[in-house]
Amino acid sequence: MVAPATLRVVRCGGSTLHGARAVFSADSYLLCASGDFVKMYSVATEETLRVMGGHADLVTGIQLNPHNHMQLYSSSVDGTIKLWDFMDGIPIKTFTVGSKLLALYALASSEDSVFVVIPKSGERDTFQLVSVKLTKAAGQDLEAKELSVVLDGVDASPKHIAFGREGEYVASVKEVNLQVYFFKQKQLNRFSVSAMKTKSGNNHFTCIACHPVEDCIATGHADGKIRLWRNFYHKKEYTFSTLHWHHDTVMDLAFSIEGTSLLSGGVESVLVLWHNESDCQKDFLPRLGSAIEYISMSSDGALCCTLHTDNRITIINSNLRFSKSIQGLIKSTDVKTGLVVDPRTKALVLNGEPGHLQFYCLQSDQQLFSLDIVQRQYIHQAGLNQADLVKVAFSAQGKWLATVEEREEVTDPELQLKLWFYDEETQSFKLNTRINMPHDDHITDMCFRDMDELEDDSLILVTAGRDCVFKVWMMVEDTDPEAQQSVSWSCDFVGSYHNYQATNCCFSEDGSLLAVSFEETVTVWDSVTWDLKCTFCHPPGKIRNICFGRLTCSKYLIGATDYGFLCCWNLLSCALEWSAHLNVLVLQPDPLSEHIAAVSWLSKESSLFVFKPNEPRPIYIQRNLCKEKIQLAAFVPRDEPEMIGSEKYLWLRRSQLFFLTDTQELMTLSTKSLEERLTPSSKQLAVEESLPVTPFSLLLGKHRRQQLQEDIDLGKLVRSKHEQDSPAVKELLHTPAHVLPSASFLCPIFINSLLISKDNKSAEEVADEVEMESEKTEDDSDEERDVTEMEHEDTSPMELLGEMTHKLSKSQEKELRKIRKMDYSWVSAF
Amino acid sequence: MGEFEVHRVRFFGLVPAGVRCLACQPRGGRLALARTDGAVEVYNFAANYFQEKVIPGHEARSVEALCWAAGDRLFGAGLGGEITEYDLARLCVARSVDGCGGPIWSMAANGSGTQLAIGCEDGSVKLFQVVPGGIQFERNLDRRKGRILCLSWHPSDTHIVAGSIDALRVFDVRSGQTVQRIMVNYHVQKVKRECIVWSIAFLSSGTVVTSDSFGRVQFWDWERGTLLESHTVSTSAVLSLAVSEKEDSIIVGTSTGATYQFQLLPVKMGSLEKRWVRTKPFQHHTHDVRAVAHSSTALISGGLDAQLVIRPLMEKMQKKGYDAALRKFTFPHRRLVSCARKARLLLFQFSQHLELWRLGSTDETGKDGEVLPLCRMPEHLVQLKSKGPEHIYCSCVSPCGSWVSYSTASRFHLYRVQYEGDGVSVKKV
């Protein structure tokens with residue numbers, strides 16, 4: 001465990017889900033390998049319930065323990081297999097294998113061993129399937145060195161090996177070869193398809209699935225065909241039939257639980273259901289958003305889930321109806337927009353699906369919504385240039401959104417600037433103005449004048465373009481009476497400087513100054529008269545980033561150049577205040593404080609520097625932030641300032657810093673440990689919803705209600721809150737049955753908790769410690785409880801207030817509720 | 001190498017006749033093929049699928065069904081309503097018997113080759129006894145409305161299954177009664193369209209295999225009248241069906257030109273439960289595949305595009321070689337063109353007429369591969385129509401070009417051709 005005082009780099013989203021197929025647990029949870037973690041989602045609510053961390057590298061395979069469906073095996077590139085109790089998120093055992101593990105398979109028929117794919121020692125790029133004997137010795141960390149090779153020359157991808165009916169055989173594909181090994185007969189059959197390249201591409205194997213009850217193997221190919229192999233225990237008389245619908249590579253295949261139908265998916269983002277292995281009977285589920293990477297079925301066959309290349313998980317009903325979508329940070333091909341924070345929702349805004357803008361909620365690791373900017377059908381085809389979103393900017397209150405989209409054409413780019421207005425009624429952005437070709441060349445930067453106090457019509461948008469000008473756009477009243485909107489945007493001023501390309505633009509905090517960088521020079525303009533005030537230059541190197549200081553440091557302008565200089569200019573004296581040698585990739589000012597974060601890239605590691613512009617010494621340095629290159633960063637304001645003990649981390653008090661690496665993983669810096677970060681409410685939820693409605697629970701609920709009634713009758717405004725979730729009962733119900741102590745031990749506690757205690761105090765003392773813990777969790781669901789209490793009041797207003805016969809007015813009711821909420825525990829002391 | 005003038009003869013407009021039906025000789029090495037113009041050809045498997053015999057067609061005689069019976073006797077039946085026996089030695093019709101039931105759509109011989117069953121337009125199934133020197137009418141089976149399009153005997157010769165429109169019926173041979181009637185159309189829920197059972201096969205296990213106009217291949221249990229399996233192989237009709245002798249493989253031909261193989265495969269290794277699985281699709285034809293046959297080592301299909309395709313089964317082949325190669329018979333394996341070398345004439349033989357052409361000539365010379373300009377275009381001299389309903393069997397022109405002869409199955413004709421300037425006159429000798 002990390003000491004709470006140190007700052008940790010925490011991955012908080014966007015980790016690739018492509019390690020392995022997802023696994024449905026027996027009680028409707030979905031488990032996914034996500035980066036170094038195993039994530040557990042609730043199928044019913046789409047929520048991330050638990051993140052199980054412990055592996056030091058990418059998780060490559062997860063499988064339920066075939067002998068205990070509450071346990072999960074996971075394998076990782078770090079060479080360990082972990083056995084988890086995923087309901088509690090506890091690692092039970094760790095088996096160290098030693099070499100990299102690239103895929104994991106667990107079979108019901110093999111008693112105490114699992115199968116993994118490891119690289120063959122001494123040879124590069126050759127892999128073998130081995131079975132690992134998992135010793136049953138006591139202790140947490142165990143060595144698992146008993147390996148026996150099953151198949152040689154297999155492929156590293158987990159999709160290229162499948163185990164057949166009841167573990168009778170294992171089939172593996174690599175390039176154009178299929179090999180099937182029968183465990184009992186110890187017979188190895190090899191088959192191959194002709195390596196001929198056809199018009200529609202090569203016919204290499206891409207994935208494999210085995211029929212659950214029959215001897216049938218389905219293989220997917222790079223040319224979009226699916227072959228169904230039968231009779232493969234005869235070397236010669238094997239036979240196969242072909243199903244063909246996909247136009248491109250079949251990415252994954254899965255048989256239904258009974259084996260009557262086959263699911264296939266590919267880059268077309270269409271899930272195809274083949275009935276009875278027939279070419280003519282098939283059903284489709286189209287428009288799944290992006291290419292399907294993995295398909296998995298739940299063990300009861302009621303659900304299937306697809307993992308997509310953009311990190312989305314789609315849950316699909318067995319009748320091929322879209323059911324739910326779990327989407328965290330959508331991985332787009334290229335984040336061109338940068339990380340922008342929506343001032344309204346505090347969501348992170350960046351490229352999502354092609355042509356869409358995603359609003360990503362950091363707290364819940366969920367996508368809030370996706371705004372279609374380009375509004376054109378996206379066609380999945382290689383080498384097709386399609387319009388994509390490149391720049392986005394919000395006005396200070398999030399009332400206006402400006403987007404730039406362009407179509408990658410070398411000679412003549414197609415540009416569009418769109419301005420969107422936030423419609424309060426529909427709670428979404430509405431297109432206000434569309435400007436075709438705002439610049440003659442690519443737009444490099446765009447910003448709004450951030451002025452909180454000024455009225456709407458003074459809003460100014462500045463765009464900088466590679467056509468050597470920057471343009472100022474202003475809102476104008478629409479004179480056309482037939483126009484549906486009152487305002488629209490038009491160009492107000494065009495500025496240029498020595499015919500250099502404009503690369504960056506930035507407004508000062510009060511909005512009076514605009515800084516525009518033209519290659520090596522920074523120009524500062526008056527935003528009222530549009531006069532060029534002064535220029536700054538610090539050769540060599542073009543300006544990469546500029547930003548103004550804030551609050552007490554608003555007289556400084558910071559710029560980072562190509563050749564590794566960070567410069568700070570004083571705007572009052574128009575002189576260079578200080579400069580530092582630093583190869584800055586990202587320069588990000590905190591909107592709520594003076595702090596500026598700079599991320600550098602030196603000798604294959606990223607480092608973070610936080611400084612104030614008024615002093616050249618950084619406040620905080622974190623070397624080796626992560627191995628990947630950090631592309632983008634953003635400060636996200638916290639809802640409420642966090643209590644931070646150490647002086648060193650004061651800059652994190654009001655906002656949180658997020659990074660996006662080039663593998664599109666979102667990271668943040670946190671002072672808390674992992675366990676603390678997991679919100680207790682989600683833990684609570686996991687248990688609450690797994691609780692089935694049993695006669696007992698109904699009885700318990702009824703009893704509670706009666707109890708409440710009695711309390712009210714007695715006229716005692718007891719804190720029913722506490723009694724409702726008596727900790728002992730909760731403990732009893734929420735702990736898995738197999739870890740509970742004996743019933744005789746529990747019985748008195750349970751009975752006690754149900755008793756209406758005359759001596760409330762003593763009961764409290766018993767459960768005091770537990771209560772203190774549960775206190776925290778209750779706060780979250782406080783509001784819900786209020787509602788239920790409200791209802792109760794309505795049903796029995798008479799009993800509540802004995803002599804009051806007339807109906808209560810709204811304000812009185814409110815007053816009463818306030819009283820109820822107040823703590824009267826001191827009363828019981830008397 | 002000497003110098004040659006190569007004529008590109010593009011004026012021989014022969015339209016080959018499509019393949020109508022195929023019949024493999026049971027336990028024998030020969031395949032009989034009937035074309036839509038009534039011609040019957042016999043191929044020999046042992047001799048590298050050599051076209052052994054050709055019996056020319058007849059204007060009034062079409063062949064709808066062929067079958068081998070009593071060893072190596074070949075019978076044909078057609079829409080003319082007659083059953084004909086072919087004399088394979090003299091390559092002509094040996095004798096023919098009227099079926100008395102209108103046009104005959106189907107014919108099948110029983111396993112021992114002693115009886116023939118025919119299915120007629122009027123819905124009757126008639127049995128004929130094969131006797132030395134002919135066939136003899138034996139009895140009528142239970143008659144119902146609706147033409148009988150296909151027939152198949154149970155290998156034990158006790159039952160016959162007949163496919164008709166919308167239904168299939170099973171007859172008990174001994175009593176002649178219909179013992180089962182299965183409606184085929186039942187499972188099509190849409191608008192009521194008639195479902196034609198194009199082809200049928202009776203397996204020894206009691207399973208009846210049908211192929212119908214909805215593109216389905218269905219397996220029925222005849223005793224219970226239930227559907228066992230249904231495979232939709234095509235959106236268009238499945239026209240033909242053939243079962244291998246071991247009854248573990250079926251070939252079907254569809255009207256899109258594709259053929260599919262079905263195999264009876266064990267569901268699990270070592271288990272007795274077996275299931276029919278559609279395995280290999282082949283697309284060798286451009287038009288309807290009207291006839292298929294299953295030899296012990298190959299899938300044979302013939303279509304309206306006049307092609308005969310023999311696709312060997314790779315798993316039955318011991319080694320790669322000439323036997324394992326795919327064969328396609330796309331053009332007629334007969335001499336249809338004769339040449340009068342001196343007079344530079346070509347004689348083309350069609351089924352009912354002859355054409356005499358004079359080749360074009362040039363007076364220029366050129367290099368190899370060069371196209372020379374013609375100074376005289378090829379000229380159509382004579383079209384000679386044959387008399388009578390019989391098709392021309394062979395024809396010839398003399399080297400000097402003044403004699404043309406042809407023969408049909410019964411007659412021989414000789415003509416003298418005289419050239420008078422530009423005009424040509426033909427005189428019968």
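Counting residues instead, the contact takes 18 from chain B and 20 from chain A, where contact means heavy atoms within 4.5 Å.

Which charged side chains meet across this interface? R275(B) forms a salt bridge with E214(A), and their closest N and O atoms are 2.7 Å apart. The rule finds 1 salt bridge across the interface of chain B and chain A, a salt bridge being a side-chain nitrogen of Lys or Arg within 4 Å of a carboxyl oxygen of Asp or Glu. There are also 4 residue pairs in polar contact across the interface of the two chains, with both residues at pLDDT 80 or more. A polar contact is a pair of N or O atoms within 3.5 Å; within protein, one must be able to donate a hydrogen and the other to accept it, and residues adjacent in sequence count only if both atoms are side-chain atoms. On the side of chain B that touches chain A, β23 (258–266) and β24 (274–283) of chain B each supply at least two residues. The most comes from β24(B), with 5 residues.

## How to read the numbers

Residues are numbered from 1 along each chain as its sequence is written, and chains are lettered from A and ligands numbered from 1 in the order in which they are written. This is a predicted model, in which local features need pLDDT of at least 70, side-chain atom pairs count only at pLDDT 80 or more, and totals for chains, interfaces and linings use all residues, while side-chain values use heavy atoms, with hydrogens and water left out.

## The two domains of chain A

Chain A is assigned domain 1 (19–158) and domain 2 (161–327), with bounds that come from an automatic or database domain assignment. Taken over C-alpha atoms, the centres of these two domains of chain A are separated by 22 Å. In the contact, 26 residues of domain 1 of chain A meet 29 residues of domain 2 of chain A. Together the two domains of chain A bury about 2300 Å², of which 68% is given by carbon and sulfur atoms. On the side of domain 1 of chain A, R21(A), F24(A) and L151(A) lose the most area to domain 2, together 28% of what that side buries.

R21(A) also has a charged partner: its side chain meets that of D252(A) in a salt bridge (2.8 Å, N to O). Across the interface of these two domains of chain A the rule finds 1 salt bridge, along with 3 residue pairs in polar contact, both residues at pLDDT 80 or more. The elements that give two or more residues to the side of domain 1 of chain A that touches domain 2 are β3 (29–34), β11 (113–119) and β14 (147–154) of chain A. The largest share, 5 residues, comes from β14(A).

In which sheet does β14(A) lie? It belongs to an open sheet of 4 strands in the order β10-β11-β12-β14 (chain A), with antiparallel pairing. Strands are DSSP runs (E, at least two residues), numbered from the N terminus, and two strands pair if DSSP finds at least two bridges between them. The edge strands are β10 (103–106) and β14 of chain A, each pairing on one side only. Strand β12 (residues 127–133) of chain A pairs with β14(A) in the antiparallel sense over 6 bridges, and Q128(A) stands opposite D152(A) in β14(A).

Another open sheet of 4 strands has the order β23-β24-β25-β26 (chain A), again with antiparallel pairing. Its edge strands are β23 (250–255) and β26 (282–285) of chain A. Strand β25 (residues 271–275) of chain A and β26(A) pair in the antiparallel sense over 4 bridges, and L271(A) stands opposite L285(A) in β26(A).

## The two domains of chain B

Chain B is divided into domain 1 (19–329) and domain 2 (337–428), and their C-alpha centres lie 41 Å apart. The contact brings together 7 residues of domain 1 of chain B and 7 residues of domain 2 of chain B. These domains of chain B bury about 650 Å² between them, 62% of it on carbon and sulfur atoms.

Methods
Buried area = accessible area lost by both parts, 1.4 Å probe.
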